Amino acid sequence: MTSREKSWKEISPAGVCWKPSTQFLTGDWKTYKPVRDPAKCTRCLLCVLFCPDGAIHWKPEKADIEFDYDFCKGCGICANECPSDAIQMKLE
Amino acid sequence: MQTEWKFTAKDIAEKPDLFLSGHRACAGCAPATVLRLIMKAVRGPTIVTNATGCMEVASSIYPYTSWATPWIHTAFETAAANASGIEIALKILKKKGRIKQEQIDVIALAGDGGTYDIGIQALSGAVERGHDFLFVLYDNEAYMNTGIQRSGGTPFGASTTTSQAGTAVPGKLEQKKPIADIMVAHDMPYVATASPNYWQDFIKKVRKGIEVNGPAFLHVFAPCPRGWRSDPAKSIELSRLAVETCVFPLWEAVDGEYQLSIPSRVFALAPQKKKPVKEYLEMQGRFRHLFTPKYEKILDEIQQITDAKWNKLLKKCGMTQPAKAT
Amino acid sequence: MKSVTKQEVLALNGDEAVAYAVKQSDVDVVAAYPITPQTIIVEKFSEYVSNGEVETAFVCTESEHSALAACLAASATGARAFTASASAGLALMHEMLFVTSGCRAPVIMAIANRAYSAPLNIHGDHSDTMAQRDSGWVQIYVENAQEAYDSVIQAFKIGENSEVLLPVIVGLDGFTLSHTLENVQTLPDEVVKKFVGTRQFTMVKTHEDKTAPFRLDPENPMTMGPIALQNYYFEFKRQQDEAMRNALKIIQQVNEEYARITDRSYGDGLLEQYRLKDAEIAIVCLGSTSGTVKSVVDELRNEGVKAGLLRIRTFRPLPVEEIMRALGELKAVAVMDRCMSFGGNGGPVFHEVRHVLYDSSAHPYVVNYIYGLGGRDISPTQIRRIYEDLRKILKAKRVEEPIKYVGLRE
């Protein structure tokens, strides 16, 4: 998963973190994954706001929502909150 | 007190996340949602300090970090003390011409441990001294990071590992400490409660807390599916039910003047819409024992306590419950 | 070229001398909580602030724990931070001491050494700082108010050095030094300001793949104080240890630099050797008692006794080689401890010096004298008796009692 760990001489002093967590993919945590029916979706963006992992993105250039399965943990909040029942949790 | 900032869901959705994906919070963690939304509410350069707890640990496992802002963690009880140090350092360094930014906001984040209990001294002191910072309590109602032990914020009747529901004792016997009211009693400029389900109200309050000159305190309701033994998919729903049952009413106190927030106002004006507390409790495993014959009387007690607190709050807000229709 | 600055003599007690040094050192933040016998430091500083004599943010925190947390966070934000405490206050900070050194924040702290409770005692002994000797802070013990003034100024330069980046404690004996008036030679404001300079920041690698100055700055976001699991924690601790080793030479350098402008130096900055060169017997001592020992040494030398004194100024980092060089060839050494380590077979300084001398080929006798606890005074006569004990040991070629108490009613 990670490359060889660094020695005490190689790391900056005082433990300043040097990798953004976006390099740590949590997508493999999920058992169920959210699947969206774009026909039912009203683009209310509630799922984008409520996702604890920021794994649902609003793409203004596409005027649409995209799921980032690299980070989705399959909690099901998006499916539960969707006012138009557009999201179903399906077994991975 | 109003903020001039107007925003839509799209505006919020388009703002880049300053609390990055890839943190190690549990699936369905409402505090994680809370933190994401807080960071969407920042208005400019911001420094964040975090007390030890779930969100701190989940977001800063060396060498990874989920913070796109400058961020420091020191200890469990020190969120407000850190914020004090950062705030005065910024002031004096600006005076000495060593900081180029016009304004840097300071936000202190802590869970219920770092706020109600071990952190209350530093919080009270920082507020008394009038430092200009926002303190946000993400309340998951127990010491979750160390394994779900009871805190001053754990509600009456909840089962935690140190207030277990057993054959002799029905969970926690003490009431939830009214932390937000305690902060109002500090005569501080801004105190508010919020719930992630009501995201507009929440984000607006964060922004107000940042904008106010002086200390601000925000108490945010943040369900923990792991500790509450609830369905991870229902964390936001629980934060809605808590408001609908008036277990966690939403209000603001600007210079000590209480005002009920819009999401809670409907239940003051139309009390028949208020949902029974039972509906909220039955979704959580930590209250499961209350649905057994031995302890079911406690459900009534909880309903009465909730109603009493709600009525007290209404009085403070200058709204009384309309008399029951005859 | 030595350019000794013209200095002004002021009548200051130890606490006032510390406050004055802080005033001159361009400190940005002072966050402190009062505790006897440090109170004069914070009160004096409050006076400076109220009269607009300093450009420092002064915060009266609600406890010592918060004081250090605030100083740490302020330091992380880029401020030069100072605090002061003693006894129970220092004990309350205990957790934060480790966090501060772990975060490599060069916070400077004056400790008016005072006994721990229980029973409550407000007077001087070394138990407070000795109990924190593992916390990763540099520890300097001063002999008089003059040295308190000088050492606080030097401390900023030591702690902020990029090879060190450690917090520093300057310890001065409670009441004996903190409250006793002395003539202190003080430097002009500009000279001190120039000596301490403005704080420099070491460069670190951030998660945005940038190399940026080590401070909380929205321009270069960085995460400080993360959780490091089993795979990395050890490496950070090794870094701290390396910093301590570097401190040995930096303390000496700063001592030398300071001597060039003041004509005052304290041994090599680590140890002060008093008539130790050809000594056969010696006392090892810290703090103000060293002054009394020096006068006893002079008496004994006049009588032809080859007595000397080793004053340990820098206790952390422990100057191992220097102690060995100073004492290794002696015949008998009495280590004085103004602190007990219960159940530890003697006091902390005794432990440390004895372990260094274990490797000496001459293998001198090393014995321990616990004294002065809770502010109990020690007289020149009592000190003389210690030297007599050492001579008895040499005569009998054995040690009857390796650990003795001076001035205790048995």
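Me: Where does P317(C) sit?
Reply: P317(C) is in the loop between strand 15 (314-316) and helix 11 (320-327) of chain C. Helices (H or I, at least four residues) and strands (E, at least two) are DSSP runs, numbered from the N terminus.

Me: And what kind of peptide bond joins R316(C) and P317(C)?
Reply: A cis one, with omega about 0°. Keep in mind that this is a predicted model, where local features need pLDDT of at least 70 and side-chain atom pairs count only at pLDDT 80 or more, while totals for chains, interfaces and linings use all residues. Residues are numbered from 1 along each chain as its sequence is written, and chains are lettered from A and ligands numbered from 1 in the order in which they are written.

Me: Is R104(C) buried or exposed?
Reply: Buried, because it has 27 C-beta neighbours inside 10 Å. The rule: 20 or more other C-beta atoms within 10 Å of a residue's own is buried, 12 or fewer is exposed, in between is partly exposed, with C-beta atoms placed from the backbone.

Me: And what is the phi of D255(B)?
Reply: Positive again, about 50°, and D255(B) is not a glycine. D255(B) belongs to the loop between strand 8 and strand 9 of chain B. With 13 other C-beta atoms within 10 Å, D255(B) is partly exposed.

Me: How far is D255(B) from Y190(B)?
Reply: They are 65 residues apart in sequence and 6.1 Å apart in space, C-alpha to C-alpha. Y190(B) is in strand 6 of chain B and is buried, with 25 other C-beta atoms within 10 Å.

Me: What does Y190(B) touch?
Reply: Leaving out residues up to four places away in sequence, Y190(B) touches M1(B), K208(B), G209(B), V212(B), A216(B) and V254(B). Contact here is two C-beta atoms, placed from the backbone, within 7 Å.

Me: How does strand 11 of chain C pair with strand 3 of chain B?
Reply: In the parallel sense, over two bridges. M224(C) is the bridge partner of I72(B).

Me: And strand 8 with strand 9 of chain B?
Reply: Antiparallel, over four bridges. W251(B) is opposite L260(B) there.

Me: How many residues does the contact between chain B and chain C take from each?
Reply: 41 from chain B and 40 from chain C. Helix 4 of chain B gives the most to chain B's side, with twelve residues.

Me: At what angle do helix 4 and helix 6 of chain B cross?
Reply: Roughly 35°, with the axes coming within 7 Å. Axes are lines fitted to C-alpha atoms, for helices over the stretch in contact, and angles run from 0 to 180 degrees between N-to-C directions. Seven residues of that contact are nonpolar, one is polar and none is charged.

Me: Last one, how is chain C divided?
Reply: Into domain 1 (8-201 + 228-262) and domain 2 (271-405), with bounds from an automatic or database domain assignment. Their C-alpha centres are 27 Å apart, and 27 residues of domain 1 are in contact with 20 residues of domain 2.

Terms used
Two strands pair if DSSP finds at least two bridges between them. Ala, Val, Leu, Ile, Met, Phe, Trp, Tyr, Cys and Pro count as nonpolar, Asp, Glu, Lys and Arg as charged, and the others, Gly among them, as polar.
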